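Biologist: Let's go through this fold together, one question at a time. Can you show me the model first?

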Amino acid sequence: MTSEQSRDLVKGAWRAFSTRDRDVIASFFTEDAEWLAPPGNATAVALGGSHHMVGRDAIIHFLTVDFPRLFVADVSLTFRGFYADGDVVVVEETMEATLAGGNAYRNDYCFVFELRDGRIHRVREYMDTARGRRMLEGAVP
């Protein structure tokens with residue numbers, strides 16, 4: 001894939017995530033996809049989940065079932081950059097949302113998407129983990 005095609009694929013994946021449609025989201029991932037975030041990140045801790053999701057089904061479950069249990073309303077993303085080099089796309093963004101307990105959430109993220117055969121094979125997610133913990137404290141649904 002060209003860098004432009006890779007960037008477009010990842011932009012399409014972000015649009016698909018917001019639909020919460022399992023089949024649409026699945027079409028963007030390889031069956032053996034992985035999603036890695038920092039160990040002990042606030043979202044994984046609050047949801048009692050893993051920081052390392054392995055397999056398309058685990059990722060889809062997180063995006064369609066677990067994520068909306070914690071980030072319940074007003075989820076918005078402000079993208080600051082989509083940078084592509086061949087099969088690697090880096091996304092910088094700020095996410096804001098209303099948490100299950102009613103509090104506001106706002107954090108900055110950086111995602112590195114690695115593509116294989118026109119699909120997402122690996123996602124590495126980075127965020128301010130201390131800030132996330134402060135905002136999610138007591139927000140377990």
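This is a predicted model: local features need pLDDT of at least 70, side-chain atom pairs count only at pLDDT 80 or more; totals for chains, interfaces and linings use all residues.

Biologist: Which element gives the largest share of the lining of the largest pocket?

Modeller: Several elements join in: α1, α3 (42-47), α4, β3, β4, β5 and β6 each supply at least two residues of that lining. One of them has the largest share, with 6 residues, and that is α4.

Biologist: How much space lies in that largest pocket, then?

Modeller: Its lining counts 32 residues, and the closest to the pocket centre are W14, F62, L63, F67 and M95. The space in the pocket comes to about 680 Å³.

Biologist: Okay, on to the sheet. In what order do the strands sit?

Modeller: Start from the edges, β2 (52-54) and β3 (71-85), each of which pairs on one side only. The sheet is open, has 6 strands and mixes its pairing. Reading across, the order is β2-β1-β6-β5-β4-β3.

Biologist: What angle does helix α1 make with β3?

Modeller: Helix α1 (residues 3-19) packs on the sheet and touches β1 (29-36), β3, β4 (88-99), β5 and β6. For α1 and β3 the angle is about 175°.

Biologist: And how does helix α4 run relative to β1?

Modeller: Helix α4 covers residues 56-70 and lies across β1, β2, β3, β4 and β6. Its angle to β1 is about 50°.

Biologist: Which residue in the hairpin of β3 and β4 takes a positive phi?

Modeller: These two strands run antiparallel and are joined by 11 bridges; A73, for instance, stands opposite T98 in β4. The hairpin has 2 residues between the strands, and the one with a positive phi, near 65°, is G86.

Biologist: What about the turn between β4 and β5: which residue has a positive phi there?

Modeller: β4 and β5 also pair in the antiparallel sense, over 11 bridges, and T94 has D108 as its bridge partner in β5. Their hairpin has 4 residues between the strands, and the turn residue with a positive phi of about 100° is G102.

Biologist: Last one: how many residues make up the largest nonpolar core?

Modeller: In soluble globular proteins, nonpolar side chains tend to be buried together. Here V10, F29, W35, F113 and I120 have the most contacts inside the core, and F29 touches residues including F17, W35 and I120. The residue count for this core is 40.

Notes: Residues are numbered from 1 along each chain as its sequence is written. Side-chain values use heavy atoms; hydrogens and water are left out. Two strands pair if DSSP finds at least two bridges between them. Contact means heavy atoms within 4.5 Å. Axes are lines fitted to C-alpha atoms, for helices over the stretch in contact, and angles run from 0 to 180 degrees between N-to-C directions. A nonpolar core is a set of buried Ala, Val, Leu, Ile, Met, Phe, Trp, Tyr and Cys residues joined through side-chain atoms within 4.5 Å. Buried means under 20% relative accessible area, exposed over 50%, partly exposed in between (1.4 Å probe, protein chains only). On a 1 Å grid over the protein atoms alone, a cavity is a set of points where a 1.4 Å probe fits but cannot get out, and a pocket is an open set with protein on both sides within 12 Å along at least five of seven lines; lining residues have an atom within 4 Å of a point. Grid points are joined across faces, edges and corners, and a volume is the space filled by probe spheres set on the points. Lists of a residue's contacts leave out its neighbours within four places in sequence.
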